[in-house]
Amino acid sequence: MGDGELVRGDDAGSLSAKELVTQTFKEVWKEYYRWETVHSAQVLRSLAAKTPEEPVGICSLIGESDDDLSEAATDGGSFGRFQLVDDKWDSTIRQAELVVDSSHVTPYPPYESCTPITHNILHGDDSNFMPFIPLADDPTFDHRDHVCEYKAFAWQQAYRDPETLEIAMETARRLAVSGLSAQQIDDTAVLPLVLRTTSVWGAIWNAKQSGAIVWPGSSRTICSIPDVSPPPANDLRLRLQDYLTLCCRRPDCLQANCFSHSMQQAKIDYNGHRYRGEESFRCLPAQAICGHACTLRRLAVSEHDVLWSAEDLDDLRVIAHLGTPMTPCDLAILCHKPCYEVAFMCRKHDDFYIPVKRQSGEPEEADTAHQQCYGSQTASDLIRDASCDHAGPCRPDTGCACFKKQSHCTKMCRCPRDCTRRRKGCRCAVIAAKTSKTLGNRLCAGTHCLCRASKRECDPEVCACCNPGNSCRNAQIQRQQYKRVEVKTGTYGLGLFMLEDAKAGDLITEYVGELIFEPTFVCRGQVADHVGRSYVFGLNDVFSVDATNAGNVSRYINHAPTRQANVKAIILAVNEDQRIGILTKKDIPASAELFMDYGPEYPIEDKHAN
């Protein structure tokens, strides 16, 4: 087999999959190292130094004599002296002398790096393999105890040879032409690396993150291997399930494959009603002629006129399961079929869209305990992933997840909008209008607001105060109504200062960082306690927000006792997601520095800087 030539299906003969993988792997291995030996020799020869034709004489770049250097030193200037001495080329001596006056050089003050981010990012846990020992030059830091938090050092991990990775990938590419998938190749257990990503990153993923080795036998540009096989193009159900899994269900989350809010694989169940709208699908009569194939033009249609495959019928069933009422003219666009055919199949398969019986809310005779069996579900004890998905009212006999977890139903739930367990929004604007009070920009500013009292931001879908015409004071995070601030040297090193006036209760900014689990919090806490700077806020029982390595300007707010602090941190539920807002405790003028009480575990007499 020549360089770059792929293994064809007819070359495999009667070989088993394992024999074919072994044979191709050996061929690629020998082919690669034949090329690599010659290529490496050529590269080494290109690095050889060339002998100049004429010798270089003595050269003094700065200062012709020692007197010149003494004069420069007296003037306090910086200077350097370089001298090259050449005798014979077979015994050349090169000497370099550099004299620098460092008395006037001021070292740059130490600093910490932090990646700027605009929202919390899921980090989880740090690696079990320590990349380096922190504070290695600090004898007062207990390195031995900190090292015990890790499994091993990063350099103790098995070395991932890029050449072995390239050989394995080229073998897989050539076998893919023979008809073997990545899963079939992995099942043979011949290659030294696993191709597909499972609980750890596979060779296909690692190859995409690494630089390509360009060699004549590579078929990288000819053939590519998918890490995860995409769903068939003619399977609408599987493709929609992938899209629903990829997109986070939270309205303000743009993270693909978001694991912060849900780790469940979306599944379209024809017997359930998840992902269905409030109104079930039904085929409405056509109102106007949509074209030459419209059902209004062809009233007499027989089964011989409509030839649909099983895939076509399944597409219709998926659309009928998830869709809302529509005419055959609109449905024809989704099905890529003539309008009269769609109308005929809807009449023939009307069982595809039999509506699921869904009762509205709790029945009148429901037990009172059913309606009261849930806590306040404020931001501090917000239950993650408690959204329900069931038919009928939200009761224990219907398997309501919200009832089992004693939480309110939210707009993330699939229960009816009039469910009695749904959290009710505030009516501050309605109350203000009835009492003829002019609140101005103080709407939802006090504890009379039901949302604010439960440490939640108002929801524009259920609260009467959150329309664009009202200035709700309890929706500042989701509207990003931040104040203008700047970072500069303050009382305790770098601090955060106001660039505009702020009233009591105004949102300065949101405290953002990495969402970490408890083991990482404990491990990072050892370093933070030693240096006297911690950027961690506890968010809930699962996550903490750490702005040490990634954050925004809020990390520069210095600590002060409660009486001196002018801002505070408060955990708010925003669209069923917990976030930390930095709010003012009193009116703050422009140019004032911001201070916040970090808590009793951060005494001001021992730790000052941010």
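Axes here are lines fitted to C-alpha atoms, for helices over the stretch in contact, and angles run from 0 to 180 degrees between N-to-C directions. This is a predicted model, in which local features need pLDDT of at least 70 and side-chain atom pairs count only at pLDDT 80 or more, while totals for chains, interfaces and linings use all residues. Residues are numbered from 1 along each chain as its sequence is written, and side-chain values use heavy atoms, with hydrogens and water left out.

**View 1. Helix 9 packs against helix 10.** Two packed helices are described by the angle between their axes and the distance between the axes. Helix 9 (residues 328-335) and helix 10 (residues 339-348) have axes 8 Å apart, at an angle of about 100 degrees. That makes helix 9 roughly perpendicular to helix 10 (a label for angles of 65 to 115 degrees). Helices are DSSP runs of H or I with at least four residues, strands are runs of E with at least two, and both are numbered from the N terminus. Look for Pro328, Cys329, Leu331, Ala332 and Cys335 on the helix 9 side, meeting Cys339, Val342, Ala343 and Cys346 of helix 10.

**View 2. Cys290 contacts Cys329 and Cys339.** Cys290 sits in the loop between helix 7 (236-246) and helix 8 (310-322). Its contacts with Cys329 and Cys339 leave aside neighbours within four places in sequence (contact means heavy atoms within 4.5 Å). Asp330 is 40 residues from Cys290 along the chain, with 9.0 Å between their C-alpha atoms. With a relative accessible area of 46%, Cys290 is partly exposed (buried is under 20%, exposed over 50% and partly exposed in between, using a 1.4 Å probe and protein chains only).

**View 3. Val43, Leu44 and Leu47 make a nonpolar surface patch.** The patch covers about 310 Å², with accessible areas from the Shrake-Rupley method and a 1.4 Å probe. Leu47 lies in the loop between helix 1 (17-46) and strand 1 (59-60). Leu47 is exposed, at 64% relative accessible area.

**View 4. Pro162 and Gly211 are 8.9 Å apart, C-alpha to C-alpha.** In sequence, 49 residues separate the pair. Pro162 is in helix 4 (residues 162-177) and is partly exposed, at 40% relative accessibility.

Notes:
Patches are made of residues with over 30% relative accessible area and no salt bridge: like charges are joined within 9 Å, nonpolar side chains (Val, Leu, Ile, Met, Phe, Trp, Tyr) within 5 Å. A salt bridge is a side-chain nitrogen of Lys or Arg within 4 Å of a carboxyl oxygen of Asp or Glu. Angles under 35 degrees count as roughly parallel, over 145 as roughly antiparallel, 65 to 115 as roughly perpendicular and the rest as oblique.
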